[in-house]
Amino acid sequence: MRSRMKGVFWSGVLLSLCTFVRGQPSCPIEAIRTELQNPNEIPSQLTYNSAFMSPIVHSFLDSVQPNPFPKDLLVKIIKGGGTTQMQDTIKEVLRYEIGFLVCVAIGILYIVLMPLIGLFFACCRCCGNCGGRMHQKQTTNIHCKRRSFYGFTLLFTVLILAGNVCMFLSSTYTSETVRRGSTEITYILDNFKSYITTVPKQIKQVTNESSVTVNKVKHNLNETGPLLGKLIQDGLKDPLNPAFNSITEIAEVINSTSTGLLQLNKTLDLLKPKVEAMQANLSAVRQRINNTLHMSDCVNCTSFQPELDKLSLDGNLEFPDQNDLTSAVDKAINANVTGQAAKGKEFFESIPEKVKNETTSSVMVALIELDRLEQQILGVTKDLPLDVLDNILIPLTDVKNSISKYSPEIEKSTNISRAIGLILSCLILLVVICNVLGLLLGAVGLNAKNNPTERSGTSNCGGIFFMAGVGFSFLFSWIFMLVVLILFIVGGNTYTLVCEPWQNKEIIQVIDTPGLIEGFDLSKILNLTTNLTIANVYSDCQNNKPLWTTLHLNEVFDLNNILDISKYEKEIYKIFEGTQINIANITVLSPEVKSQLRNFSSSASTMNFSNIIQQINDVSGTNLSSAAESLDDLAGKQKNTNITEQLRGEAKDLRDIQTDITSNIMPLLLKLNATIKNLSAVASQINATVENVLQKVGFAQDILNYNISQIVKTESMSFIDCQLKIFVAYVQWANQTITERVGRCGPAAAAIDRSVDLLCKHLVGSLNAFWFSLGWCMIFLIPSIIFSVKLAKYYRRMKYSDVYENINFRMNPFPKAHIKPELLENEKPPPFTYAQN
């Protein structure tokens, strides 16, 4: 009894260990890899920008406006105040804009003075002054002056041309920005709308995944019979399968033994009558030989007597142990070992159906709990303020409709801006062309040795082009400066008051000023204890953080509580712990069957196969041929013919018996021998096989008697634990997804950044580059005018000649007072002129 309990203990330990090792991967939980829907993003179509001009323009504007961004002043302006306060505010604004005011004053001075100077210059020229007198004094450094004026004029022309090229480019960029601006804004709004509409869809995906998880667990619970039954079968498979296999093996041994015994009996039934007949014939022949040998006339017959005594057919082929073995085999077959194994397998296969029947009520209650859990998880969407997102879509749609409505007007303004920019650029280009033609024709047509009055027409045209450029400069420059002034005020202040502060996030700090916008407080709107600012939200969105982190929604919603499934876990565990899955026990092999198997093993072990084989050898070893030959020899020695004939006839009878043995008895003996050897081989293994069967059946029976309830309980809890692990995996994924992935607001920050880029980088940047390029040209028009006027006189054909005084030839100067004025007025040359050497 003690050894029995010890075996039961170690079998339980071994089974528990096997169950633990096997149970580790028995709950395959698939990782949830649901990809959240991402908002559609339409990339920017703007490829033009004025980045090549931005550094110099920004440097100039920073010099004009070195003051920091006036946050306090801007807040004061937005809040407003009384008359006195407004006057102080205006003074502060003027002090802040002092740099722009100085530039405006310079621009106004340019606008006023340039046409006045041009008017005075024209009148002065008409009066023969200001270079209008067609006379050029010949001096020793005239060529050096001309080259100097030429170099300066070329330099300022190149500078104006550079500014003009920048005008063309920036004008093109500005018009393209205006033309594509409405489309770009539409794209920005579409991207932002896509983000707003994607957030509820992402949350819906999370909640829908909960339905998928619940449905999966429901399916598993509805399939408790097959699934849990399979787990219980797996728990019993290790001890039962070897037992059933060993029973099948011993059944095959019993059947093969029975077959061998049947073959043995069949062979003996055929062999025994023939052996007995042979023994009778041999006895008759032996008696006749003995009679012949004792005749008186038989010569030397006594010598054959010893050999005659040996003539016999030994072996009675009687096997008494065969009956005992046959009886044991018949009893084992009647015990129906195979039927016993079939009943065990039937019990094993019926476990899923029994589990299903026993757990029906528990599964129904568990499904109700799962429905409650699903409703709780779906309640996440009800608590989230998704209506706020719908309210944001309304103004976005209105803005988009307004843009579509005014798109034709925007297109017209694009054409106008393009035309204006082209006209202004072409007028500046006209001045540049005049200067270039003047430089080119003047240099090509001038012959320094010619008298100023004899200059070529090409050179004269060069001088005229210079004066034409000067005229165009005086005529249009003040208008251009007016354009520069207007665009400078608008574009410059937009950059210093909007673009640069936005880049430094100073504007956002102004928006975050408490009380600036009445009723606007993110913390109060979201019921947060944390001070949430626009700057923090914008910074988080630039880092593409989720809304949960950006808006500190953890202070509003207790997500851990919403996704808490512990109470449902306890309920479901409690339900299945109270469920008793009663699996009726079964006896693998009854004691009677075990007794028959032991009897079968004992009979097989006691059967004397060596005695049987010895009897067969005795029969098969009989040899009558030598005795027949001896009789023939003895017959040859006889004188009595009758005795001779008798001996030879008896020798023939022996040979006939030997032939009968060889042809009729020997095949049956060989067959009998083979059968006995097969039975002997099988019988040698019967004892070990039966012991193996009894050992494995005993182990399996112990498991069924003492451990099956524990196996059922363990596997049931493992099954339920697996289902709940599926929920735990979902809850972890949902928590991580909501807090780390849902509503990543990078697209919102990108929409704002694209809007700012559209305004500052493309529109304001191109506009500032245009007025800066135009202002550049206006500034360099002043020295261009001066040097063009100076240089023109060196190329134009003079009406009057002048004397060149050679330092190597001195003569008294001709007093100008002696020259009659009327000669100069009538264009008559002086009475004495000297040709230039």
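Biologist: What volume does the second largest pocket have?

Modeller: This is a predicted model, in which local features need pLDDT of at least 70, side-chain atom pairs count only at pLDDT 80 or more, and totals for chains, interfaces and linings use all residues. Residues are numbered from 1 along each chain as its sequence is written, and side-chain values use heavy atoms, with hydrogens and water left out. A pocket is an open set of points on a 1 Å grid over the protein atoms alone, with protein on both sides within 12 Å along at least five of seven lines; a cavity is a set where a 1.4 Å probe fits but cannot get out, and lining residues have an atom within 4 Å of a point. Points are joined across faces, edges and corners, and a volume is the space filled by probe spheres set on the points, which for the second largest pocket comes to about 1,200 Å³.

Biologist: Which residues lie closest to the centre of the second largest pocket?

Modeller: The lining of the second largest pocket divides into 36 nonpolar residues, one polar and no charged. Here Ala, Val, Leu, Ile, Met, Phe, Trp, Tyr, Cys and Pro count as nonpolar, Asp, Glu, Lys and Arg as charged, and the others, Gly among them, as polar. Of the 37 lining residues, the closest to the centre are Phe192, Ile392, Val537, Leu547 and Leu551.

Biologist: Which helix gives the most to the lining of the second largest pocket?

Modeller: Helices (H or I, at least four residues) and strands (E, at least two) are DSSP runs, numbered from the N terminus. The elements that give two or more residues to this lining include helix 14 (387-405), helix 19 (534-542) and helix 28 (746-792). The most, seven residues, comes from helix 6.

Biologist: Where is Asn544 placed?

Modeller: Asn544 has a phi near 60°, a positive value in a residue other than glycine. At 31% relative accessibility, Asn544 counts as partly exposed, the class between buried (under 20% relative accessible area) and exposed (over 50%), with a 1.4 Å probe and protein chains only. Its place is in the loop between helix 19 and helix 20.

Biologist: Which residues line the second largest cavity?

Modeller: The second largest cavity has a volume of about 40 Å³. Helix 27 (708-740) and helix 6 each supply at least two residues of its lining, and the largest share, four residues, comes from helix 27. The lining consists of Val217, Leu221, Leu370, Ile572, Ile720, Gln723, Leu724 and Phe727.

Biologist: Why is the pair of Phe60 and Phe488 tilted?

Modeller: Rings of Phe, Tyr and Trp (its six-membered ring) pair if their centres lie within 6.5 Å; planes under 30 degrees apart count as stacked, over 60 as edge-to-face and the rest as tilted. The two residues are 428 residues apart, with Phe60 in helix 2 (residues 54-64) and Phe488 in helix 16 (residues 457-503). Their ring centres are 6.4 Å apart and their planes stand at 55°, so the pair is tilted.

Biologist: Is Phe488 buried or exposed?

Modeller: Phe488 belongs to one aromatic cluster with Phe60, Phe100, Phe149, Phe152, Phe156, Trp771, Phe772, Trp776, Phe780 and Phe787. Phe488, at 4% relative accessibility, counts as buried.

Biologist: With which residues is Thr414 in contact, leaving aside its neighbours within four places in sequence?

Modeller: Thr414 has its place in helix 15 (residues 407-445). Its relative accessible area is 0%, so Thr414 is buried. With contact meaning heavy atoms within 4.5 Å, the residues that Thr414 touches are Ser175, Val178 and Arg179.

Biologist: How many helices does the secondary structure of the protein come to?

Modeller: Buried residues make up 42% of the 837 residues in the protein. Among contacts between residues at least 6 apart in sequence, 90% join residues at least 24 apart. The secondary structure has zero strands, and the helices come to 29.
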